[in-house]
Amino acid sequence: MMHCNHNDVDEITFLWHSIIMRELPLANTEEGQAHLMGLAQRWGVSGPQQSGTFEDGQTWQNRLAMKLIGVGEEVFQSNSKYVFPVRLLSLELEMITGTLSHTTQYRNPRDLWVADALFKAGVPYDELFNNYSGLVNVAGQNWPVEHQLQILMSFTRLLKDWVNHTKNMADPTQLRIFRLQCSQGQIVTAHNALLGLHPNEPGAKDMVARTKSDLNEAERMAAEVWGM
């Protein structure tokens, strides 16, 4: 991957799609299997290749997290950031995770693993937050409810993690970055997106309510940092 040219966007995308699908197992549910095979067809890669089941999310999520962290560490040390497309990785992996959460009735213990893995791979919080803010902005465009909800859950957790990181660092530069890159408007957009979600499944309804509460708490936490 490191030998890819800056302009080899299609090749880099294909390589990442191949890596992701290679780490996924087949699904037991019709919904999960349809999503995975649809991705494989759209991406032009072979289908899931791992043993186990898609519904055992923790296993393949751990594998993919370690893959992201390993490649990310190498990429950022070698100034080859162009082979680590944050928008692509976050979007594709969040959609897959959203499908998992829906098929398991929101009993997935690691439904918010993607942004955490990207941060550990070397992507700074301000870049991640701007990326997820962009995903929130487009999430309502005919996306399934479970995918919209997944993005909003991850956005909310990321905001809380970034606030805590900034407060713990107590570094003027980090405070300035937070104030410049995290705005009230971005949070309001997420609030409005949550208000527009009306899932039918009890598990999804509970998750929407929990995410609304978490986002309120994250907003209060952010206000403390804005005022520091």
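These notebook entries record what I looked up in a predicted model.

**Entry 1. Ground rules and confidence**

I number residues from 1 along each chain as its sequence is written, and I use heavy atoms for side-chain values, with hydrogens and water left out. Because the model is predicted, local features need pLDDT of at least 70 and side-chain atom pairs count only at pLDDT 80 or more, while totals for chains, interfaces and linings use all residues.

I looked up the confidence, given as pLDDT (the predictor's confidence in each residue, from 0 to 100). The mean for the chain is 92, and 96% of its residues reach 70 or more. I then turned to the helices, which are DSSP runs of H or I of at least four residues, numbered from the N terminus. Confidence is lowest in helix α3 (residues 57–77), at a mean of 93, and highest in helix α5 (residues 113–121), at 97.

I went to Q186, which lies in helix α9 (residues 184–195). Is Q186 buried or exposed? Q186 counts as buried, because its relative accessibility is 17% and buried means under 20% relative accessible area (exposed is over 50%, partly exposed in between; 1.4 Å probe, protein chains only).

I next looked for polar contacts, each a pair of N or O atoms within 3.5 Å; within protein, one must be able to donate a hydrogen and the other to accept it, and residues adjacent in sequence count only if both atoms are side-chain atoms. The side chains of Q186 and N130 make such a contact, at 3.5 Å. A polar atom of the Q186 side chain also lies 2.7 Å from the backbone nitrogen of S183. For contacts in general I took heavy atoms within 4.5 Å. Not counting residues up to four places away in sequence, Q186 touches F129, N130, S133, F155 and Q181.

H191 lies in helix α9 as well. H191 is buried, with a relative accessible area of 18%. Which side chain does H191 join in a polar contact? The partner is E219, at 2.9 Å.

**Entry 2. The largest pocket**

I looked up the pocket on a 1 Å grid over the protein atoms alone; a pocket is an open set of points with protein on both sides within 12 Å along at least five of seven lines, where lining residues have an atom within 4 Å of a point. About 170 Å³ of space lies in the largest pocket; the volume is the space filled by probe spheres set on the points, which are joined across faces, edges and corners.

The lining consists of D111, L112, M153, T156, R157, K160, M207, R210, T211 and D214. Helices α7 (145–169) and α10 (202–226) are the elements that give two or more residues to this lining.

**Entry 3. Helix α3 and what lies across from it**

I found A65 in helix α3. A65 is buried, at a relative accessible area of 7%. Beyond four places in sequence, A65 touches R110, W113 and A117. A65 and V114 are 49 residues apart in sequence, yet their C-alpha atoms are 7.3 Å apart.

N62 also has its place in helix α3, but N62 is partly exposed, at 32%. N62 and R110 are 48 residues apart along the chain, with 9.2 Å between their C-alpha atoms.

**Entry 4. Loop residues**

T53 is in the loop between α2 (30–43) and α3, and is partly exposed at 26% relative accessible area. Leaving aside neighbours within four places in sequence, T53 is in contact with P25, L26, N28 and W60. The C-alpha atoms of T53 and T29 are 9.6 Å apart, across 24 residues of sequence.

I then checked the loop between α4 (86–103) and α5, where Q105 has its place. Most residues other than glycine have a negative phi. Q105, however, has a positive phi near 55 degrees, and Y106, found in that loop too, has a positive phi of about 60 degrees. Q105 counts as exposed, at 51% relative accessibility, whereas Y106 is buried, at 11%.

Note on methods:
On a 1 Å grid over the protein atoms alone, a cavity is a set of points where a 1.4 Å probe fits but cannot get out, and a pocket is an open set with protein on both sides within 12 Å along at least five of seven lines; lining residues have an atom within 4 Å of a point.
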